[in-house]
Amino acid sequence: PELANIANVTGEQVFQIASESFTNDNLLTLAKRVSALVKQPDVDGIVITHGTDTLAETSYFLSLTVHTDKPIAVVGSMRPGTALSADGALNLLSAVSVAASKDAKGKGVLITMNDQIQSARDTNKDVNIETRAFQSQWGSLGMVVEGRNYWFRAPVKRHTTASEFNIDNLSSLPQVDIVYSRGNVQPTAVQVLVASGANTQTLQRMFWEY
């Protein structure tokens, strides 16, 4: 009920799937819908509820492809609603607060959990058993305290409006796979992925740069 004190919130369900089942097609569909919504003058920000298994990946994809300076807050929970200290409701409240805030404008896609505001550009799920699961090696952008944002730093790497990618111009994604390497590694994994349709130019560049 507290959401009504922050913003006029409307919702829609784009998917009802487990986040570990997200595909490239799901990413394209979600990003295109977000891109369409942020173009509406009556929309000041977007909140996306997401399972935590691939929350960081989806957030990063949106950061790369959606051209907007409006806040996009992605939020999940590490504990179920039946837990003694469930974190979902407070995380959602904080996400709406961030998305509705004028001071969050232009800061890109944000992951808002555990009172922290993280940049989707550099955040991973590092701890899967604690509410502070999502962390950036550079530290959080800020935090939410009693509905108010406190900012510590600004994201200066390219994102959203400055990104070279634009979801409005994308209809498919190339197959790009990751191969872990070591000394004396055999080319078997690379050969199998190339045979399955991986982008050979991209895969080769990533292999040698690593």
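Author: Contact here means heavy atoms within 4.5 Å, and the model to which this is applied is a predicted one. With that in mind, Thr68, which is found in the loop between helix H2 (55-65) and strand E2 (72-75), touches Val38, Thr160 and Thr161 once residues up to four places away in sequence are not counted. Because its relative accessibility is 8% and buried means under 20%, Thr68 counts as buried. Its side chain also reaches the backbone nitrogen of Lys70, at 3.0 Å. Tyr150, by contrast, is 82 residues from Thr68 along the chain, and the C-alpha atoms of the two are separated by 22 Å.

Leaving aside neighbours within four places in sequence, His159 is in contact with Ser63, Gly106, Lys107 and Gly108.

Turning to the open spaces of the model, the second largest pocket has a volume of about 1,200 Å³. Of the 39 residues that line this pocket, Thr10, Gly45, Ile46, Val47 and Ile48 are the closest to its centre, while the elements that give two or more residues to its lining are helix H1 (24-38), strand E1 (46-49) and helix H3 (88-99). By class, the lining of the second largest pocket comprises 19 nonpolar, 12 polar and eight charged residues.

How values were computed: Residues numbered from 1 in each chain as written. Predicted model: local features only at pLDDT ≥ 70, side-chain atom pairs only at ≥ 80, totals over all residues. Heavy atoms only, no water. Helix = DSSP H or I, 4+ residues; strand = E, 2+ residues; numbered from the N terminus. Buried < 20%, exposed > 50% of the residue type's maximum accessible area, 1.4 Å probe, protein only. Polar contact = N/O pair within 3.5 Å; in protein donor to acceptor, adjacent residues only side chain to side chain. 1 Å grid on protein atoms, 1.4 Å probe; cavity = no way out; pocket = protein on both sides within 12 Å on 5 of 7 lines; lining within 4 Å. Points joined across faces, edges and corners; volume = space filled by probe spheres on them. Nonpolar A, V, L, I, M, F, W, Y, C, P; charged D, E, K, R; others polar.
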